[in-house]
Amino acid sequence: MTRQMVTLDANEAVAYVAYRTNEVIAIYPITPSSGMGEHSDAWSAANIPNIWGTVPTVVEMQSEGGAAGAVHGALTTGALATTFTASQGLLLMIPNMYKIAGELTPTVFHVAARAVATHALSIFGDHSDVMATRATGFALLASSSVQEAHDNALIAQAAALESRVPFVHFFDGFRTSSEVNKIEQLTEDDMRAMINDELVLAVRQRALSPDHPAIRGTAQNPDVFFQAREACNPFYLACPVIVQRVMDRFASLTGRQYRLFNYTGAPDAERVIILMGSGAETAEETALYLNNRGEKVGVVNVHLYRPFSMEHLMQALPATVKSIAVLDRTKEPGAAGEPLYQDVVTAVNEGLVAGKALFQKTPRIIGGRYGLSSKEFTPAMVKAVFDELAKDRPMNHFTVGIYDDVTQSSLEYDPQFSIEAEDVVRCVFFGLGADGTVGANKNSIKIIGEETENGAQGYFVYDSKKSGSITISHLRFGPRRIRAPYLIGEGDANFVACHQFTFLERLEMLKYAKPGGVFLLNSIYGPDEVWDHLPVEVQSAIIEKKLRFFVIDGYNVAEKTGMGGRVNTIMQTCFFAISGVLPREEAIEQIKKSIVKTYGKRGEAVVQQNFAAVDSTLANLHEVKVPEKVTSKVTRRKAVPDAAPEFVREVLGPMIAFEGDRLPVSALPVDGTFPSATSQWEKRNIALEIPVWEPDLCIQCGKCVFVCPHAVIRQKVYDPKYLQKAPPTFKSIDAKFKELPGMKYTIQVAPEDCTGCALCVEACPAKDKTQVGRKAINMADQPPLREDERINWEFFLDLPDPDRSAFEPTTVKNSQLLTPLFEFSGACAGCGETPYVKLVSQLFGDRSVIANATGCSSIYGGNLPTTPWSVNKEGRGPAWSNSLFEDNAEFGLGMRLTLDKQNEYASELLRALADEVGQTLVEEILSADQSTDAGIAAQRERVAVLKQKLSQISDPRARNLLGIADALVRKSVWIIGGDGWAYDIGYGGLDHVLASGRNVNILVLDTEVYSNTGGQASKSTPRAAVAKFAAKGKGLPKKDLGMLAITYGYVYVARVAMGANDQQTLRAFLEADAYEGPSLIIAYSHCIAHGIDMRKGLEQQKLAVQSGIWPLFRYNPKLLDEGKNPLILDTKDPSISLEEYAYRETRYRMLLQSDEARAEALMRSARMDVEKRWQLYRQMAEIEYQLRENGGSH
Amino acid sequence: MVDLSTTYLGLPLKNPLVAAASPLSKKESTVRRLEDAGASAVVMYSLFEEQITHESLALDYYLSRGTESYAEAMTYFPDMEKYNVGPEEYLNLIQKLKKAVDIPIIASLNGISTGGWVEYARKMEQAGADALELNIYYLPTDTNLTGQELEQTYVNLVSDIRRQIHIPLAVKLSPYFTALPNFARRLVQAGANGLVLFNRFFQPDLDIEMLEVVPRLELSTSSELRLPLRWVAILYKRVEADLALTGGVHTPEDAIKSIMAGANVVQIASELLSNGINRMSELLVGMRQWMETFEYESVAQMMGSMSQQAVAEPAAFERANYMKALTSYDNRLYI
């Protein structure tokens, strides 16, 4: 078998080996490792065998803890088993890792190393997760590149089998896991040559089996535990030698020689950097560059970090070394130094003592941190470290890559320093997520990598929004393998492409362009008119850098060829045409080949459409004759307006403009606490169309406001006097609210925050009787409306909010008079979750503490730069936090315990201070009815009076009470998360919190898959739906979480779908909050992962309910006290077939389209599921309860 | 024993009851049951080029949307090995049916582009279809498009397909042509071996409470028989093509009327959809009994016996409603 050159990312490269050398794979999705599990699942579904000819079993577990447990079990019984994970996932595996290592069970865990959440969550790469496993007894093997990760996946597997020491094989999350690079792919013969089948047989023989039974997992006492723990020593002592032997065998097979500690650089180097992971490749390339310029430096790339072999490190360090910098991609606050640094210090000391070192004199050793959370680590930073090493008194415990103006730990570096080679072509592309830029660039890199002799690399940067997101693609290609695991720097790009014209006014993209480079712009303006539409900064950059400037009206080509907003293949064709990497004809042939490869499965029509786009591109591509002078009157827009608060302007503003790397340490909060209400300052203007209100048709039902996922359409009732200062286009009519007579009414849209999802239009029930296509809300082009509506919106916000005490929010229309305190999130346009979250914020936001599980809701709720949780005019609003994925229910319970405890303590103090405070006030406070907004408002006033009085009292108890007096006002605790949390990873905690009887409200945003990580199946996924890890359609029914909770008898449970019955949804939320015990609301949340027209999300909710798959109900234990049945069904008998609902969704349809027989069989079972459950519910709802005081029933 | 056999599109059939294009032909098992119940041939459900194109583009849209734009979710669906969004499933079914049953299998096609029509027709022939029924329907809304242009498009289409395939070709028509006999003749000249009268369509309905347009397909009733009956009777012997009558055949008597009007076969769908596949054998028994009762020997004998050219009063087929109110008389008595 000859080896192929392939262009892929490390997740795929690693999974390729791991899948073929294992038989049981237990996983749980977590970024950035999910790709490894997904590839394995896809291969297993396609019946691809491993090297022994059998198809590995891939199983998705409920958490990484579960995955590790399942792997442990599989290993114990003699399987070759593996898992893939990262970050918190790896941390959850730690208990089992101790066990697996303690039992000397060979396995390899492949880890896309990622930051562990501390002051904040980060999905990006560093070694803090791997470092947390140092003590488990697992060997730790690091890879620096895609090729190394591919190779080391096999080396680890072979070495684990031979040494019996289990391995963590890790590589940098995102930087390596997601970098696309050209590698030589190992063949199955290579794998067979490296894996000794005798060792596999030994695994079988050590397995637990009733045919030759043994006992493992005993409990040991002080007499023997210690000795037994030491009994494994020979295996760990032998391990490094075995790994090197395996590496040598691998070298003889492939020609790629690895060492435990790879040394690169001058043989007589005096300054050496030691590090591991992708940064090592950057350091190696920089060292070679510097040595070519006369310096004497070197780099030790650590591959085998555990077991740490002092001897091997000593052999790697040159005799001439005088100073060493050890770089750690992790932080251990309070430690004597970061872990690799400490290990090197110890090893050098021991090496000298033992006479193993080649050098005679103790080198000076300094340690530093770099690259946390995928912070860029560039040659400039490497040079700064080498420069530091040359100093007489180099700084120790430094940082590099940031500006630490607080403890002055950071090294200065010259950002202009670059080692980029002249013969490497570098290209930067700015695209919109939805336009397909990244996908096209991945294809381009594959074409260049696989169809030319060039080395090729692609790396992709995304912002953190799920709608209107910006992508930046960094592509390099050239005559050698590309070893540059860092972004293309300023002034280094030969080619800059902007795929969306509007980016020009937001982003400084030509800073990347190299003088004399090429700038390609997708523009509706042709070559003769485009110049006048460019901002000043763009014009001057083009002139100053003497850029060749090309335009294409990609939008037009896309529209004419039916591509809609996807300009991907069009821009790709332009790139090949201009870059000349291939002759034009050949390039077009290759693009078409890749189109067939990518889209062929989806049908000829898709292929032909893309072909048409490619074919019509070149005629529309034009070079622009660049004028000599800057003539523009427009300048780039500020990221945030001047009116924004200072923190928003100075800190969040640069982050919005992709300039956050420049913020110094002092700019950031020390403890991860950020101000609320910042999303209002990030005007993204992503909607092409926005809703327009037609007052003459409006019936003031509030439905449009209710369903808006982004809180951009709002209604207000206000005194007519305010209209005197209304802007000219501000619309208003007489209000029809019986509690608020004589008022005016307006529905207003925030034009710059709207995502254009049109859910409001779909929800609007008011149609023009003379023209039914016209509703009271209709979509219209945003640009002509933007300025007027912006002014109207500002005026609208300034109108006073109606007095909460004046009306009850018990109808949909009234509830929508409440100000949303969750606004303008980065959720997908048309998101099905956020309307529920927003409703919580409206009804209870001013007195809510929110615990939010990790997932979509924690990302659109808490991902910087700006966050959507907001405040009302009194400054009150939801207090929100995310702890982890698995512990959210417990996290929320803890909040409740605090509030209850403080309320209790405050009440005690209040009674104790009754004489000083005044008996009447104390009694009023303690007996206050806080069941209504009016009651709560009255209590707040009392507490304000109390605080005033307390501040005058010298008794130290008064001071205590002052600190917790606010706990006397009723607070709500909301525990919010998705189905991945509630049904799977957090279910144990959720169950316990429900059982606790405490007054918490749990909102499950049920999308029936793990939405945030890309649609993996959860126990909520319904039968017959396709999801990742259920690629053949889920064969078992959805878990009935509501019914499980009902069995407690004292939990309020509701199942809601606002698109089907908004009033029932509202009622459920109000009842849940009012219920003095645990409440659980399971909310149908349509999702992009369902593969639906998001505009029809509400309609899908309705169909789900009508089909019976989502029956609406409320179970209110309070009703039992009244002798009533607590279960109220809010749904009628199913009135449409399940297929009428399901086959409008891709998740169901794609099974029909790929395996019709199975789809039909599963659909039949799914219909039975619906039928069975409906009959059960109906009978439960019909039970007549006759409960007697003394227990038992007649 | 009466002889029920007939021929259609050159295919010898054991009786004139053919299963019309309907969802019943989507499965091998139901086609077997149709054969067992006595159907002499099966017209498969239509392959809609537009649907194939739409499904393919829709699948691509939903699988692509939201991908490669957010770091944690590069995709939202697993990548399936294959999707049956092309004509393959249909073509495979033709092959399967050909193996499963002995009766002829007539494929049915509704295209949108000339290329699509021809390509799919060829593929159906290659897959083993015994004949092809072209399900032509275009709803003109363009006020600049003339009837002549539209008819010419259809005629061109038939001749394009005829040039590419060798199996017999039938054209299923709608009744909405100004000069149907002329158009029918042109289709036959272009290469059609048979005409199927008439196609029935989804007709939009209006929901006047929700103020929405709702598509609706009502199953046919016997009363609808009269429209095709008239045109079969008129076209019989006027065009050199076999005739299939469809739409409104629910009873043995309906079938007999159709044959007497000149149909080589009747195509049945609604009756089977509402009353089950076994209804086919009941119709056959009924036909046979009727023929025995009235002493007919064969289908061939009665075929066209009441066509316009065969009846005593050909003008009866040409009268519109009000004419029926007039007293009929025969002026030949007054010489």
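Student: In which sense do strand β10 (residues 271-275) of chain A and β13(A) pair, and over how many bridges?

Tutor: In general, strands of a sheet pair through backbone hydrogen bonds, either parallel or antiparallel. Here two strands count as paired if DSSP finds at least two bridges between them, and β10(A) and β13(A) pair in the parallel sense over four bridges, with S323(A) in β13(A) as the bridge partner of R271(A). This is a predicted model, in which local features need pLDDT of at least 70, side-chain atom pairs count only at pLDDT 80 or more, and totals for chains, interfaces and linings use all residues. Residues are numbered from 1 along each chain as its sequence is written, while chains are lettered from A and ligands numbered from 1 in the order in which they are written.

Student: What is the strand order in the open sheet of chain A, and which strands stand at the edges?

Tutor: Strands (E, at least two residues) and helices (H or I, at least four) are DSSP runs, numbered from the N terminus. The six strands follow the order β9-β11-β10-β13-β14-β15 in chain A, with mixed pairing. Because β9 (261-265) and β15 each have a single partner strand, one side of each is left without a neighbour in the sheet.

Student: Is β14(A) mostly covered or uncovered, and how does the chain reach this strand from β13(A)?

Tutor: In β14(A) (residues 364-370), six of the seven residues are buried, that is, 20 or more other C-beta atoms, placed from the backbone, lie within 10 Å of their own. The chain crosses from β13(A) through helix α13 (residues 339-353) in a right-handed β-α-β crossover, meaning that, with the strands pointing away from the viewer, the path from the first strand over the helix to the second runs clockwise.

Note on methods
A residue is buried if 20 or more other C-beta atoms lie within 10 Å of its own, exposed if 12 or fewer, and partly exposed in between; C-beta atoms are placed from the backbone.
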